[in-house]
Amino acid sequence: MLGTALISMYGKCGTFEEARWMFEKVSNRDTICWTSMIATCTQHGYDREALQLFGQMQSNGMKPDEVAFLGVLSACSHAGFVDDGWHYFHSMKEDAKIIPQAEHYGCMVDLYGRAGLLDEAQAIVCTLPFQANAVVWMSFLGACRVHQDVKRGRLAAEHLLELEPQTSSPYVVLSNTYAATGKWENVEKVRKAMIDRRVKKQPGRSSIEINDKIHEFIVGDRSHPEVVEIYAELERLNTEMKKLGYVPDTNLVLHDVEEEDKADLLSLHSEKLAISFGLLNMPGDMPIRVIKNLRVCSDCHTASKFISKIVKREIVLRDPLRFHHFKGGICSCGDYW
């Protein structure tokens with residue numbers, strides 16, 4: 001029990017190697033221990049290792065439960081292993097005799113949705129043995145945003161708003177979908193609906209711990225005592241990134257403004273400010289660990305890869321879905337998350 005708890009702790013703190021080391025030290029592993037390590041691999045983007053562990057777990061005579069299957073389905077979803085995901089889902093029902101819950105179906109919707117198979121994803125949503133909940137619809141809405149399917153995205157958002165009218169996520173994702181396709185009038189309608197219903201969007205915040213103190217940043221933050229040094233470091237990094245071929249993804253800025261203004265807004269995202277602060281204040285041999293409360297955007301993901309290559313340091317960025325380990329210009333998620 002202690003070993004399993006430590007595996008979970010190390011995993012949630014972003015120190016994957018320590019979690020793996022602890023797992024190897026545990027003798028007489030039970031199902032919960034195996035499941036904890038599988039979930040940790042999935043959370044850190046080591047999806048192939050998660051599937052290997054799942055196979056070893058079964059070879060050692062352990063019977064995976066619904067939580068273990070959820071971990072392996074999540075690994076398939078985040079890695080784009082569509083055929084493997086279907087195999088495990090079928091095995092869970094037919095071999096293990098486990099009745100899938102909403103979270104399992106949500107993984108399958110996410111699996112097909114991420115892969116661009118929106119027809120298959122929608123078919124699952126429409127044929128569930130129970131009424132689709134917010135988890136399932138949010139998975140489908142996220143896939144519609146990624147693939148810019150406005151029609152299906154609107155449908156998913158409508159169902160979500162019926163279930164959770166005061167939750168900001170459906171409004172934000174739908175607004176992002178409209179913005180990505182240049183439908184600015186629709187963006188304004190969504191924003192007006194949020195105002196009328198008094199729904200507030202959760203601001204993006206990035207945190208970093210240095211010397212036992214938490215430093216928090218928001219986009220364009222100028223409240224930190226070291227703001228001058230932070231912005232100077234960020235400007236230096238932007239210059240170096242552009243030399244290596246970095247181009248800001250201005251499609252992500254949800255404002256109908258000039259391209260140059262969009263690039264400026266992107267450069268001040270909270271993740272980049274936190275990373276710059278960490279580089280200024282942490283020893284050169286230590287990883288930079290940043291936690292964000294919202295999903296990391298693709299531009300910050302790209303920038304973090306460039307920064308890790310420039311400074312020759314590991315950057316660990318955690319969002320609500322998973323950890324991203326950036327080393328030498330490569331992320332552990334393989335740019336599929």
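The entries below cover conventions first, then helix packing, then individual residues.

**Conventions.** I am working with a predicted model, in which local features need pLDDT of at least 70, side-chain atom pairs count only at pLDDT 80 or more, and totals for chains, interfaces and linings use all residues. Residues are numbered from 1 along each chain as its sequence is written, and side-chain values use heavy atoms, with hydrogens and water left out. Helices (H or I, at least four residues) and strands (E, at least two) are DSSP runs, numbered from the N terminus.

**Entry 1: α1 and α2.** I began with helix α1 (residues 2-12) and helix α2 (residues 16-25), whose axes come within 8 Å and cross at roughly 165°. That makes α1 roughly antiparallel to α2. For my own reference, axes are lines fitted to C-alpha atoms, for helices over the stretch in contact, and angles run from 0 to 180 degrees between N-to-C directions. Angles under 35 degrees count as roughly parallel, over 145 as roughly antiparallel, 65 to 115 as roughly perpendicular and the rest as oblique. The crossing of α1 past α2 is left-handed, a label used if the near helix is turned anticlockwise from the far one by less than a right angle (right-handed if clockwise).

Next I listed who touches whom, with contact meaning heavy atoms within 4.5 Å. From α1 I find G3, L6, I7, Y10 and G11, and they meet E18, A19, M22 and F23 of α2. By class, I get 6 nonpolar, 2 polar and 1 charged residues in this contact. Here Ala, Val, Leu, Ile, Met, Phe, Trp, Tyr, Cys and Pro count as nonpolar, Asp, Glu, Lys and Arg as charged, and the others, Gly among them, as polar.

**Entry 2: the two sides of α2.** Which residues of α2 are buried? I find F16, A19, M22 and F23, where buried means under 20% relative accessible area, exposed over 50%, and partly exposed in between (1.4 Å probe, protein chains only). Seen down the axis of α2, these buried residues fall within an arc of 125°, so they line one face of the helix; the arc is that of the directions from the helix axis to the C-beta atoms. An α-helix has 3.6 residues a turn, so residues three or four places apart point the same way. On the other side of α2, I see E24 and K25 exposed. The cover over the buried residues of α2 includes α1, α3 (31-43), α4 (47-59) and β5 (323-327).

**Entry 3: α7 and α9.** Helix α7 (residues 102-114) packs against helix α9 (residues 134-146) at an angle of about 10°, with axes 8 Å apart. The two helices are therefore roughly parallel to each other. On the α7 side I noted A102, G106, V109, D110, G113 and R114, and on the α9 side V136, S139, F140 and A143. These divide into 5 nonpolar, 3 polar and 2 charged.

**Entry 4: α11 and α12.** With their axes 8 Å apart, helix α11 (residues 168-180) and helix α12 (residues 184-196) pack at an angle of about 165°. They are therefore roughly antiparallel to each other, and α11 passes α12 in a left-handed crossing. The classes come out as 9 nonpolar, 3 polar and 1 charged residues.

**Entry 5: L70.** I then moved to L70, in helix α5 (residues 66-79). At 26% relative accessibility, L70 counts as partly exposed. Leaving aside its neighbours within four places in sequence, L70 is in contact with E103, H104 and C107. L70 and C107 are 37 residues apart in sequence, but 7.7 Å apart in space, C-alpha to C-alpha.

**Entry 6: S207.** Is S207 buried or exposed? With a relative accessible area of 18%, S207 is buried. Its place is in strand β1 (residues 206-210). Beyond neighbours within four places in sequence, S207 is in contact with I214, H215, E216, R289, V290 and I291.

**Entry 7: positive phi.** N211 is not a glycine, yet has a positive phi of about 55°. I found N211 in the loop between β1 and β2 (213-217), and at 73% relative accessibility N211 counts as exposed. K312, also not a glycine, has a positive phi of about 55°. K312 lies in the loop between α16 (298-311) and β4 (315-318) and counts as exposed at 72% relative accessibility.
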